Amino acid sequence: MAEVLVVVEASASAGVKKVTLEMLTIARALGTPSAVVLGGAGAAAAFAEKLAEYGAEKIYAGEGDEVDGYLVAPKATVVAELVKSVQPAAVLLASTQEGKEIAGRLAVKLDNGLLTDAVALDADGTATQGIFAGSAVVKSKVTKGLPIVTIRPNSTTPVAAPAAGTVEQLTVAVSDTDKLTKVVERVAEKKGSRPELTEASIVVSGGRGVASADNFKLVEEFADLLGGAVGASRAAVDSGFYPHQFQVGQTGKTVSPQLYVALGISGAIQHRAGMQTSKTIVAVNKDPEAPIFELADYGVVGDLFKVVPQAADEVRKRK
Amino acid sequence: MNIVVLVKQVPDSGAERTLSASDNTVERASASNVINEMDEYAIEEALKIKEAHGGEVTVLTMGPAGATESIRKALSMGPDKAVHVTDDALHGSCAVATSKVLAAALGTLNADLIIAGAESTDGRVQVLPHMLAERLGIAALTGARKLTVDGSQLTAERQTDEGYEVVTAATPAVVSVWDTINEPRYPSFKGIMAAKKKPVQTLSLADLGIAADEVGTAGATSTVVDFAQRPPRSAGTKVTDEGDGGAQLVAYLATEKFV
Ligand SMILES: Cc1cc2nc3c(=O)[nH]c(=O)nc-3n(C[C@H](O)[C@H](O)[C@H](O)COP(=O)(O)OP(=O)(O)OC[C@H]3O[C@@H](n4cnc5c(N)ncnc54)[C@H](O)[C@@H]3O)c2cc1C
Ligand SMILES: Nc1ncnc2c1ncn2[C@@H]1O[C@H](COP(=O)(O)O)[C@@H](O)[C@H]1O
């Protein structure tokens with residue numbers, strides 16, 4: 001069976017991200033998964049065990065400062081060289097900013113088609129994508145070259161399938177053009193121990209109704225009780241209540257958790273764009289006419305400052 | 001500094017959007033079309049740089065004839081001129097082909113700085129800026145929430161899931177921006193009047209030396225094979241808080257095994 005290259009999303013702090021395990025699971029329908037680790041020296045060794053557990057027969061290591069110290073371009077070069085030498089059946093990347101950017105460069109280098117934001121992939125390379133704020137579903141195919149597909153986090157449940165996980169070091173040969181954009185600093189902003197927003201199985205989001213940055217503690221507390229991530233509407237972000245990287249919606253993150261909790265969010269179409277494929281949606285809003293109730297499986301019409309603390313107490317009691 | 005801003009016209013994300021029944025491409029003809037929202041931030045950033053460092057701002061759009069409406073709107077914010085790549089053969093172009101066409105057009109414009117939105121709201125592919133950098137062999141600083149220009153040196157704060165990265169490069173470069181970078185200005189009445197007289201150059205595929213079968217539906221590197229509207233979600237239970245709303249909510253979460 002042909003190899004399927006899975007470009008690994010991982011970080012020193014979070015380890016191998018769930019979307020990587022999903023990709024390894026999805027890849028098995030198309031061939032034998034091989035993981036590609038791109039990062040600083042020693043990156044592959046740190047992640048090898050997990051990657052092998054989820055089916056990586058081979059683990060290609062493209063490591064070093066030349067890969068890690070510059071923005072995206074060297075990574076695309078390493079993957080393109082690997083594609084030329086192993087002739088894989090497909091290349092899967094995560095639907096994150098960087099995953100998409102590598103995919104874009106790869107497509108140009110190989111003069112190949114690409115599909116982004118797939119939620120499923122058939123054995124013949126047909127991808128399923130949600131478009132227009134999740135209001136429609138399309139099936140699409142790459143018609144030129146091999147399938148280069150980015151997979152949206154939370155598309156499937158990772159299934160372990162232990163494999164050899166043999167690490168193979170790649171020779172990294174990047175050009176000067178690949179090194180035009182230098183990464184001079186990486187800054188982590190506080191998030192605590194909460195799961196990654198796009199990967200979380202529970203997301204608790206606050207909107208303008210939360211009314212202040214300070215009050216977002218209420219949202220955080222409820223999220224922590226449920227083991228979820230925190231999200232925010234654009235109005236909440238624009239008002240300075242919560243940082244932009246947690247924005248859910250059209251111009252923020254797309255999430256598709258098992259449970260989405262909307263607190264003080266009206267449910268504008270652009271917000272729905274980022275959350276309406278969630279499995280279960282619950283909402284608390286004091287306006288009975290708020291559009292969020294049109295899609296909520298369970299809605300409470302009421303003041304979130306009364307409802308949420310009571311709900312938090314109730315969860316604590318049940319623990 | 002010679003700045004080119006990439007502006008795409010897209011169907012309004014607040015209105016009904018669909019694919020055309022005949023060829024599964026984005027229905028643009030009957031849609032309510034607007035400037036891709038993120039591109040307004042790109043225009044604003046270009047204008048701010050021009051105001052601080054001097055130079056010229058050119059809007060570059062690839063799109064159908066009707067995209068002139070968005071081009072005039074963009075010009076009313078303040079750019080000096082525009083280039084509109086338009087050709088019937090471009091209909092149905094994939095991202096790979098779009099990058100080929102825009103790269104060819106950029107080849108004629110000699111830009112120091114190319115500013116794009118981080119993503120378009122129709123495709124949301126987020127790939128164009130790096131594709132262009134790849135084709136042009138220049139630097140890319142993408143996903144910027146802050147940009148500093150110091151002579152030919154660019155420094156950007158690139159937003160990441162963990163926080164941000166500080167990235168640097170020298171011009172020429174492609175920069176893409178998020179909506180956190182600035183607050184786009186509203187066109188003034190004077191701006192709107194002036195925009196009517198600003199030069200808009202149109203370029204065809206022949207002008208760019210690109211064959212019709214390299215782009216559009218003919219040259220597409222991917223295709224939509226099936227399209228279906230997702231049935232809308234239906235509303236579930238709605239209760240009014242009578243003092244036990246929180247408890248009721250958790251009771252529901254418990255039946256669904258979330259607590
Ligand atoms: C091009 C474009 C892109 C956009 N992208 C996004 C995006 O990515 N994400 C996004 O979220 N939005 C986006 N928006 C904005 C979107 O249209 C809405 O303006 C936004 O989602 C509203 O946020 P909100 O629901 O928090 O605020 P509001 O609409 O102001 O709603 C606040 C809600 O809180 C309720 N409330 C107030 N106080 C309480 C209380 N004490 N208890 C309970 N309920 C209370 C109110 O009844 C109201 O329903 C975009 C808009 C455009 C034009
Ligand atoms: N047809 C186009 N004409 C001009 N600019 C475009 C076009 N398509 C994409 N862009 C630019 O590239 C950015 C990213 O688009 P995308 O990669 O399609 O999400 C947009 O915000 C625009 O600035």
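Which residue has a side-chain N or O atom 3.1 Å from an oxygen atom of ligand 2? The residue is B:Asn36. The views below show a predicted model, in which local features need pLDDT of at least 70, side-chain atom pairs count only at pLDDT 80 or more, and totals for chains, interfaces and linings use all residues. Residues are numbered from 1 along each chain as its sequence is written, chains are lettered from A and ligands numbered from 1 in the order in which they are written, and side-chain values use heavy atoms, with hydrogens and water left out.

View 1. Oxygen atoms of ligand 2 lie 2.8 Å from a backbone N or O atom of B:Leu6 and 2.9 Å from one of B:Gln126. The protein buries 97% of the 480 Å² that ligand 2 exposes when taken alone (Shrake-Rupley method, 1.4 Å probe).

View 2. Helices (H or I, at least four residues) and strands (E, at least two) are DSSP runs, numbered from the N terminus.

**View 3. Ligand 1 between chains A and B.** Among the 27 residues around ligand 1, the nearest are A:Arg208, A:Ser233, A:Ser266, A:Gln270 and A:Asn285. A nitrogen atom of ligand 1 is 2.7 Å from a polar backbone atom of A:Val248, and an oxygen atom is 2.9 Å from one of A:Arg234. The protein covers 79% of the 990 Å² of accessible area that ligand 1 has on its own. By class, this shell has six nonpolar, 15 polar and six charged residues.

**View 4. The interface of chain B and chain A.** Here 82 residues of chain B are in contact with 90 residues of chain A (heavy atoms within 4.5 Å). Ten salt bridges are counted between the two chains (a side-chain nitrogen of Lys or Arg within 4 Å of a carboxyl oxygen of Asp or Glu). One of them joins B:Glu162 to A:Lys17, with the closest N and O atoms 3.2 Å apart. Helix H8 (residues 245–255) of chain B provides the largest share of the side of chain B that touches chain A, ten residues.

How values were computed:
A polar contact is a pair of N or O atoms within 3.5 Å; within protein, one must be able to donate a hydrogen and the other to accept it, and residues adjacent in sequence count only if both atoms are side-chain atoms. A residue is near a molecule or strand if one of its heavy atoms lies within 4 Å of it. Ala, Val, Leu, Ile, Met, Phe, Trp, Tyr, Cys and Pro count as nonpolar, Asp, Glu, Lys and Arg as charged, and the others, Gly among them, as polar.
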